[in-house]
Amino acid sequence: MTPLDGPGDDRSEGSGDDPHGIALEIADAVESLTNLWSVAAQQAALRMSVHQLRALLVLKTASELNLTSLAERLGIGLPTASRLCDRLEAAGMLERSLHPEKRREVRLGLTAQGHRVLDDVAARRAQALADVLRGMEPAERSALRRGMRAFLAARGGVPRSPDAR
């Protein structure tokens with residue numbers, strides 16, 4: 001395996017199959033991808049904090065959470081989660097509704113605007129990543145795809161089928 005181009009190149013001496021050395025190289029690539037992700041998200045029509053975006057993503061994947069559950073998933077305190085939800089509700093991206101059976105429980109859900117913002121961010125991120133991938137040779141893109149599938153399988157995730165695009 002050849003080292004990744006970037007700041008971690010100097011760490012990849014010795015065996016080309018050393019998991020620790022490869023992990024350091026991948027960490028550099030992930031940091032670069034994280035920066036690409038953040039910049040793409042900040043270019044969305046509506047600027048949001050990382051915490052606001054994370055909250056929307058959590059609510060998208062686990063709809064109708066209550067405030068306590070959202071705070072736990074985000075790893076923040078209840079007062080912080082409450083203020084976060086206040087801001088998202090004021091921006092029209094989150095709605096609160098009473099639980100049908102539990103009168104004291106308030107459920108949180110995304111509004112249509114919240115879904116549109118997440119779709120916009122996802123599209124911008126995909127475009128930014130596609131722009132980078134265009135700079136790679138087709139064989140490199142295929143190798144990256146195979147490597148990512150193998151990573152997900154080793155981690156216990158479900159790799160996408162070879163035909164999925």
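**Entry 1: helix 5**

I began with helix 5, residues 112-134, in which Arg124 and Asp120 both lie, four residues apart, about one turn of the helix. Helices (H or I, at least four residues) and strands (E, at least two) are DSSP runs, numbered from the N terminus. The model is predicted, so local features need pLDDT of at least 70 and side-chain atom pairs count only at pLDDT 80 or more, while totals for chains, interfaces and linings use all residues. I noted also that residues are numbered from 1 along each chain as its sequence is written, and that side-chain values use heavy atoms, with hydrogens and water left out.

The side chains of Arg124 and Asp120 meet in a salt bridge, with 3.1 Å from N to O. The term stands for a side-chain nitrogen of Lys or Arg within 4 Å of a carboxyl oxygen of Asp or Glu. I then looked up accessibility, where buried means under 20% relative accessible area, exposed over 50%, and partly exposed in between (1.4 Å probe, protein chains only). Arg124 is partly exposed, with a relative accessible area of 31%; Asp120 is partly exposed as well, with 25%.

**Entry 2: the other salt bridges I followed**

I recorded five salt bridges in the structure. Side chains of opposite charge can pair when their charged atoms come close. Arg96 forms one with Asp86, and the closest N and O atoms are 3.0 Å apart. This pair links distant parts of the chain, since Arg96 is in strand 2 and Asp86 in helix 4, 10 residues apart. Arg96 also forms a salt bridge with Glu89, where the closest N and O atoms are 2.6 Å apart.

I next traced an open sheet of three strands, with the order 1-3-2 and antiparallel pairing. Its edge strands are strand 1 (65-66) and strand 2 (94-98), each of which pairs on one side only. Two strands pair if DSSP finds at least two bridges between them. Strand 2 and strand 3 (residues 106-110) pair in the antiparallel sense over five bridges. Within the sheet, Ser97 stands opposite Arg107 in strand 3. Helix 4 (residues 78-90) packs on the sheet and touches strand 2 and strand 3; the direction of helix 4 makes about 110° with that of strand 2.

Strand 1 and strand 3 pair in the antiparallel sense over two bridges, and the bridge partner of Leu65 in strand 3 is Leu108. Why is strand 3 largely enclosed by the rest of the structure? I noted that four of its five residues are buried.

**Entry 3: helix 2 and helix 3**

Last, I examined helix 2 (residues 50-61) and helix 3 (residues 67-74), whose axes come within 10 Å and cross at roughly 115°. The axes are lines fitted to C-alpha atoms, for helices over the stretch in contact, and angles run from 0 to 180 degrees between N-to-C directions. Which residues make the contact? From helix 2 they are Arg54, Ala55, Val58 and Leu59, and from helix 3 they are Leu70, Arg73 and Leu74. Contact means heavy atoms within 4.5 Å.
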